[in-house]
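Here's a quick briefing to read alongside the structure. Have the viewer open and follow along.

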Amino acid sequence: MNDIAIIGAGVTGSFIAKELSKYDLKVLVLERKLAPGLEQTKACSGIIHPFQLPFKLLRSRLCLEGNRMMDAEAEELGFQFKRVGLITVAKNPITFLAIPLIILYLRMHGVRAEALSKKKLLEMEPNISEKVYGGVFIPSAGVVNPVEMTAKACMFAKLNGVEFVYGCEVVGIENRGDHFVLKTKKGDFKAKVVINCAGIYADEIAKMVGYEMKIIPGKGTHIVFADRGFTNHLVVAIPLKPNKRTKGGGALIGFDGKPLWGPNLVDVESKEDTSVKREEIEGIIAKFSPLFRKTPKEIIAVYAGLRSIAGSDFVINEPIERFINVAGIQSPGLTAAPAIAKMVLEMVSRHFELRRKQSLVRPVRASKNEESICSSLSEDEIVCLCNMVTKKQILEVAEQFKSFDAVKQITWAGMDCEKCKADIMKLLGDRILKDREEEEIAWS
Amino acid sequence: MVVIVGAGYSGLLCAKRLKERGVKVRVFDFREPGGELLVFTKIPEFREHYGKFIDEMNSAISEVEVERGCVVSANPVKVLTPMGIEIINDSAVIAAGAVDCNPWTYGKRPPGVFSPETAIKLIAYGYSIGRRILLAGEDKVLDLLETVLGRKCEVERTKSTEVYVEGDKRVQSVEADGEEFKCDTLILFRGRKTFNPKNLQGELIGNAIVKGYDYSSVKKSVEDYINLKYSR
Ligand SMILES: Cc1cc2nc3c(=O)[nH]c(=O)nc-3n(C[C@H](O)[C@H](O)[C@H](O)COP(=O)(O)OP(=O)(O)OC[C@H]3O[C@@H](n4cnc5c(N)ncnc54)[C@H](O)[C@@H]3O)c2cc1C
């Protein structure tokens, strides 16, 4: 019998698993896919948001708290995190006049912000258009690789005793009074407490125990450009009127410095509809290019993800004794993940006497500096030159997660150009195709 | 001395020509020498089509010493080698070749979408890449791929590179130019670009400036460079 079963290893479930692994509890994670973070988390923008409006919402509070926790989390788990900062630009005199008020308002809520003159702004971002009036700089905004962040939390949890079962979709739940039985193709699993972190499918999981809620998919599309260094900060425009449903996207950057424009928000019918329309791409470019003197060079990818939207806020509750929903985790769920985990730990403490483990195992960290690359070269080789990923690093991840997609996302190998894709597939084909599970390896 | 970055056809040919003219060279590659022509030798139709250049390259390989090392910057040249970081105060010639532009599409992103470059490599490594294949784009290399793939698969063509892909676990259909193709694999050619991930500053030669699959032009680019710089 498990103490706790977590359904779903997106960033939410993974951070909860990581937090629970610090205590004497028997914890199990069931994930439908072959690796963590391959659904909503993979398709997000990877921004560690500095704040979320309006400040009264739960997701706003958890965003602020998660943002503050992120340096320590990155240090503990060993994922890459950079506070690159956000520049919000006044494109017209009205928003320019609002700058002092914006700064005051943000500071009141504990968010550092400073005014930027037009001159300073253009110094910081030379590609920004001459037509802007000024802006606000918010230094606490950051960037991560969302799947790496998620996978590192899972690795930490696993090292500290949490059991993970991948390729394991929960298809039914029985409430047996003092415990639940989770039905899957891989057999039944028992747990005293169940935590529902199933993302876009969390409403279906909740339904299995008789709790009605509705999650609506909100599609967000991104464009990735090849032009690293086009901007060095996240750049957005100050909206004339804030939109309640979306922050409106921006001329963002990935954790690797490549321009990442978007996301938009399109309501879709189906929970599988991640298709990208040409009009969306044109729309995103038309929306953000007026901020700049030119558009970045060369699109290298476009992708869409589905936000799990259950009204305006996160739904974190315990509607049925010992069944905890962590649902409707739309944006800024990535940012909030460490704070959500802390909150859920509190909720769990009602059911168990929490005893912290005497000692925790910490993951070993790979160094990417030039000396260490040199010393690895004698028995290893560089596969991805763009992102300096070696054969050994790729195989290490492939040992743990039997999915091409996960290896690509976690190591970032092959995420820039076509040079090494076939080589990665060959490396993995030789090792993992043979014992792959039902899902086809994402050869794309 | 001249440092040559890349030991594919262009780098090796350039090194050989410079050596003949008495110029000292050092050639670095982060992989084994041979570049993409080495891959082409493993597919009969490609081996035949590029035979002349492959032979030329092989003769250069036997004459030129290639060092294993990853050049991470030029001016001065900085190389990561198994022995450590080496700094060389000489000018660099970038012969790192070309790479296919990413084959991004509209619609979904299921497995089964490749650039010609990735497809060629997978075929060379012995994989079968699909059963019903759509080749999208325009270039001689697609004609060659059509012959190779046509031996075992159903192959269709479209000139359009503006394509919508349908499918979840695998490509199911592709829409191009108002026409729908049922297929499990899409090979999409959006052109080639210089392969220079470290943004090395130096003289670009060979396929790094030609950016194609036409090795006569690649050869000409190297010869032109040699004649201009080192005319006797
Ligand atoms: C376009 C877009 C951009 C975003 N940008 C940002 C951003 O920049 N910053 C930010 O902070 N947030 C952002 N977000 C929000 C963020 O991505 C989400 O809040 C976060 O990823 C939610 O994680 P999750 O673990 O709750 O969901 P998911 O990542 O979807 O994880 C749910 C997991 O549950 C699994 N699962 C589902 N059903 C079952 C079942 N029956 N059995 C077993 N497993 C199951 C799924 O396979 C999945 O892995 C963005 C979201 C979108 C869509």
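How many salt bridges does the rule find across the interface of chain A and chain B? The rule finds five. Keep in mind that this is a predicted model.

**Where chain A meets chain B**
- One salt bridge pairs A:Arg278 with B:Glu162, and their closest N and O atoms sit 3.1 Å apart.
- On the chain A side, the elements giving two or more residues to the contact with chain B are helix 7 (278-288), strand 18 (299-309), helix 9 (370-377), strand 21 (382-384) and helix 12 (421-432).
- Helix 12 of chain A gives the most to that side, with seven residues.
- Counting residues in the contact, chain A puts in 48 and chain B puts in 43.
- About 4,000 Å² is buried between chain A and chain B, and carbon and sulfur atoms give 59% of that area.
- For polar contacts between chain A and chain B, the count is 17 residue pairs, with both residues at pLDDT 80 or more.

**Helix 1 of chain A**
- Helix 1 covers residues 11-20 of chain A, and ten of its ten residues are buried, so this helix is largely enclosed by the rest of the structure.
- Among those buried residues are A:Phe15, A:Ile16 and A:Leu20, and also A:Lys18 and A:Glu19.

**A:Thr411**
- You'll find A:Thr411 in helix 11 (residues 404-411) of chain A.
- A:Thr411 counts as buried because its relative accessible area is 11%, and the cut-off for buried is under 20%.
- A polar atom of the A:Thr411 side chain lies 2.6 Å from the backbone oxygen of A:Val407.
- There's also a backbone nitrogen to look at: that of A:Ala413 lies 3.1 Å from a polar atom of the A:Thr411 side chain.
- Setting aside neighbours within four places in sequence, A:Thr411 is in contact with A:Val389, A:Gln393, A:Ile394 and A:Val397.

**A nonpolar patch on the surface**
- A:Leu53, A:Leu104, A:Tyr105 and A:Met108 form a nonpolar patch on the surface, and together they have about 410 Å² of accessible area.
- A:Met108, one of the patch residues, belongs to helix 3 (residues 93-108) of chain A.
- Is A:Met108 buried or exposed? A:Met108 counts as exposed, because its relative accessibility is 62% and the cut-off for exposed is over 50%.

How values were computed:
Residues are numbered from 1 along each chain as its sequence is written. Chains are lettered from A and ligands numbered from 1 in the order in which they are written. This is a predicted model: local features need pLDDT of at least 70, side-chain atom pairs count only at pLDDT 80 or more; totals for chains, interfaces and linings use all residues. Side-chain values use heavy atoms; hydrogens and water are left out. Patches are made of residues with over 30% relative accessible area and no salt bridge: like charges are joined within 9 Å, nonpolar side chains (Val, Leu, Ile, Met, Phe, Trp, Tyr) within 5 Å. Accessible areas come from the Shrake-Rupley method with a 1.4 Å probe; for residues, only the protein chains shown count as cover. A salt bridge is a side-chain nitrogen of Lys or Arg within 4 Å of a carboxyl oxygen of Asp or Glu. Helices (H or I, at least four residues) and strands (E, at least two) are DSSP runs, numbered from the N terminus. Buried means under 20% relative accessible area, exposed over 50%, partly exposed in between (1.4 Å probe, protein chains only). Contact means heavy atoms within 4.5 Å. Buried area is the accessible area (1.4 Å probe) that two parts lose on being put together, summed over both. A polar contact is a pair of N or O atoms within 3.5 Å; within protein, one must be able to donate a hydrogen and the other to accept it, and residues adjacent in sequence count only if both atoms are side-chain atoms.
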